[in-house]
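Dear colleague,

Please find below the structure that I am passing on to you, followed by an account of what was found in it. I would be grateful if you could read the account with the structure open beside it.

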Amino acid sequence: MLLVEEISIPLTALMLIPFLNMISTNNLTYAYARQGPTLENLDLNVPEGAIYGFLGANGAGKSTTIRLLLSLLKPTSGDVEVFGLALPKHRKAILARIGCLIESPALYPQLSARDNLTIAATYRQVDKARIDEVLTLVGLAEHGDKPTRKFSMGMKQRLGLALALLHDPELLILDEPTNGLDPSGIIEIRQLLLELRAAGKTIMLSSHLLGELEKIVSHLGILHGGQLVFEGTTNALVDRRKAKYSLEIQTPHVNLAAELAGLPAKEGRDSTDRLELQVSEKSAIPALLRRLVKGGVDLYAVRPLASDLESIFLQLTAEKN
Amino acid sequence: MLRLLRAETLKLKRSTAAYLLPAILLLVLGVVLLAHSLDVHRLSLLDNDPWPRYLKTTLTTYAMLVISPLCLLLVAAVLYVEQQADAWKQLYALPISRGKIYQSKLFLILGLLLLTTLLYCFGVLGIGWLLNILFPEYELAYFQPDYNYLFVTAGSIVLSTLGIVGIQYVLGLLFKGLIPALGIGFFGIIAGFILSTTETLIPQYFPFSFPLIAQDFGVANPLHREVLLLGMNQGIFGSISCFLVCVVLGYWWEGRREVV
């Protein structure tokens with residue numbers, strides 16, 4: 001039997017450990033009328049307390065998935081559970097705890113930001129005092145009385161976020177929230193999302209901006225052609241990529257280097273002086289380089305390639321294709 | 001439901017509907033005043049109560065020319081608020097049943113229709129008093145208007161247009177843009193007007209004819225006005241039935257609609 005002392009972990013640390021999936025789908029499939037399946041057997045798991053990046057090219061099925069999670073579409077087959085409750089059976093209870101921003105924010109253009117929030121507050125029975133709080137939170141406190149038709153795209157996105165945060169939801173589902181924002185706006189939203197996560201919110205964030213997701217997400221789901229090609233922590237993804245070490249060499253003898261490295265012949269390869277090589281183990285790198293030099297390849301530069309999300313994403317989707 | 005109605009009403013602030021209703025009312029009442037001002041010598045008869053003639057003329061104008069297009073515009077204006085904001089997705093992602101949102105919009109449209117009709121009635125009375133000041137030869141002050149006739153007739157005009165409201169509401173939800181629903185509606189009004197003058201049975205089953213055949217305005221064939229049930233003639237009975245069928249079908253469809 002374990003003693004209490006043996007497993008004593010600070011409470012704050014315990015709170016940070018994800019222990020429950022806020023969203024889980026099982027074999028979720030959806031097909032639009034007269035089309036093949038847009039989503040196929042999606043098994044999505046968004047852990048509690050995570051910032052879950054939902055990554056995919058345009059048309060990969062991200063928005064469709066989000067609409068299924070919000071019960072705006074009915075799945076062709078499969079199940080959706082949010083907070084451990086099944087959709088659509090517990091639709092109201094689930095939606096009461098979710099804040100969402102679906103593609104472009106839905107704003108009544110003739111009304112002010114405050115009026116737009118008042119409408120949402122009336123629907124959700126939220127105290128009106130909260131309106132000023134969220135306006136301040138997204139940096140629109142000074143623009144509360146301005147008609148939203150005069151808002152820039154970035155201001156609309158912020159107001160969309162304010163609408164999503166109005167009822168202080170546990171789970172935020174945000175579809176491309178940094179769309180139209182300038183670089184400083186993107187940084188502010190990123191900071192806000194990190195603060196929200198620190199406050200215990202779970203955030204599911206869809207985007208096709210890989211660099212943007214890379215900076216804030218703790219977990220990642222990569223969607224390609226309606227199928228989930230990867231799901232897990234960002235570290236797991238980088239580690240997976242690191243199973244193959246990549247390096248780039250600069251040489252005037254590209255074709256010779258490729259031949260010595262055992263790469264298949266490729267037309268036009270010698271149009272550049274750079275070549276990407278991969279080895280399965282780190283220790284194999286010196287041997288490879290020795291082989292190249294002995295074979296007559298002049299090496300001007302050798303550079304390890306970073307395992308950034310973009311290259312991983314491209315690799316994963318290429319594998320799938 | 002009151003909470004939802006409050007939210008729906010707030011959406012109308014500075015919207016097309018907010019400007020459309022007063023504009024239509026003022027325009028129509030302005031035309032009523034102008035017409036009676038220009039024709040005062042022909043319309044005024046000494047020692048003859050001018051109110052029945054005046055009320056019938058103004059109500060006929062309302063039933064034949066105003067209320068049906070008004071229904072089309074009202075439904076379109078209320079639904080346009082959501083379409084313009086692309087807000088259906090956000091609305092249906094609220095923890096509120098779709099049915100309640102459907103009902104709240106329908107109640108708002110009916111409320112606005114009733115309000116407009118009521119304001120029209122008060123406007124007609126107001127213009128009556130104004131005509132009396134401008135043209136004492138009308139002798140409107142010597143007689144009392146028949147309030148009962150005015151409000152009961154206005155009420156039955158509203159009832160006879162419920163079918164059109166039902167059709168337009170469902171069409172407005174079915175089509176993404178406003179043009180298809182408005183186009184069908186305006187075509188229906190013209191067809192309804194032509195059919196109501198014929199001796200065929202079609203206008204008794206054609207919702208856009210109901211406002212014209214429900215009352216004796218001297219335009220539609222009197223054959224269409226026989227009492228059917230509970231004192232309701234074909235126009236009113238048909239309109240209420242059409243409204244109920246459309247509302248139920250729309251409710252069923254809206255609950256299953258995929259929000260893409």
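Axes are lines fitted to C-alpha atoms, for helices over the stretch in contact, and angles run from 0 to 180 degrees between N-to-C directions. Helices (H or I, at least four residues) and strands (E, at least two) are DSSP runs, numbered from the N terminus.

The model is a predicted one, in which local features need pLDDT of at least 70 and side-chain atom pairs count only at pLDDT 80 or more, while totals for chains, interfaces and linings use all residues. Residues are numbered from 1 along each chain as its sequence is written, and chains are lettered from A and ligands numbered from 1 in the order in which they are written.

Helix packing in chain B

Helix 4 (residues 51-85) and helix 6 (residues 98-134) of chain B have axes 10 Å apart and pack at an angle of about 150°. These two helices of chain B are therefore roughly antiparallel to each other. Residues are in contact if their C-beta atoms, placed from the backbone, lie within 7 Å. Helix 4 of chain B contributes residues including B:Tyr54, B:Leu70, B:Leu74 and B:Val78, and helix 6 of chain B contributes residues including B:Lys105, B:Leu112, B:Tyr120 and B:Gly128. By class, this contact of helix 4 with helix 6 of chain B has 14 nonpolar, 3 polar and 1 charged residues. Here Ala, Val, Leu, Ile, Met, Phe, Trp, Tyr, Cys and Pro count as nonpolar, Asp, Glu, Lys and Arg as charged, and the others, Gly among them, as polar.

Helix 6 of chain B also packs with helix 7 (residues 147-174) of chain B, their axes coming within 10 Å and crossing at roughly 150°. That makes helix 6 of chain B roughly antiparallel to helix 7 of chain B, and the crossing is right-handed. Among the residues that meet are B:Leu106, B:Leu113 and B:Cys121 of helix 6 and B:Phe151, B:Val158 and B:Tyr169 of helix 7 of chain B. The contact of helix 6 with helix 7 of chain B has 12 nonpolar, 1 polar and no charged residues.

Chain A has 12 helices and 14 strands. Of its 321 residues, 37% count as buried (20 or more other C-beta atoms within 10 Å of a residue's own; exposed means 12 or fewer, partly exposed in between, with C-beta atoms placed from the backbone). The contact between the chains takes 24 residues from chain A and 22 residues from chain B. On the side of chain A, helix 3 (91-95) and helix 4 (113-124) of chain A are the elements that give two or more residues. Helix 4 of chain A provides the largest share, 6 residues. This side of chain A has 14 nonpolar, 5 polar and 5 charged residues.

Nonpolar cores

A nonpolar core is a set of buried Ala, Val, Leu, Ile, Met, Phe, Trp, Tyr and Cys residues joined through C-beta atoms within 7 Å. The largest has 139 residues, and those with the most contacts inside it are A:Ala162, A:Ile173, B:Leu74 and B:Val75. Helix 4 of chain B gives the largest share of this core, 20 residues. A second, separate core of 8 residues includes A:Ala257, A:Ala258, A:Leu275 and A:Val297.

Backbone features

Most residues other than glycine have a negative phi, and most peptide bonds are trans. A cis peptide bond, with omega about 0°, joins A:Leu87 and A:Pro88. A:Pro88 is in the loop between strand 6 (85-87) and helix 3 of chain A. A:Ser71, which is not a glycine, has a positive phi near 65°. A:Ser71 is buried, because 22 other C-beta atoms lie within 10 Å. B:Asp86 likewise has a positive phi, of about 50°, and is in the loop between helix 4 and helix 5 (88-91) of chain B. B:Asp86 is partly exposed, with 15 other C-beta atoms within 10 Å.

Yours sincerely

How values were computed:
Contact = placed C-beta atoms within 7 Å. Parallel < 35°, antiparallel > 145°, perpendicular 65-115°, else oblique. Left-handed = near helix turned anticlockwise from the far one by under 90°.
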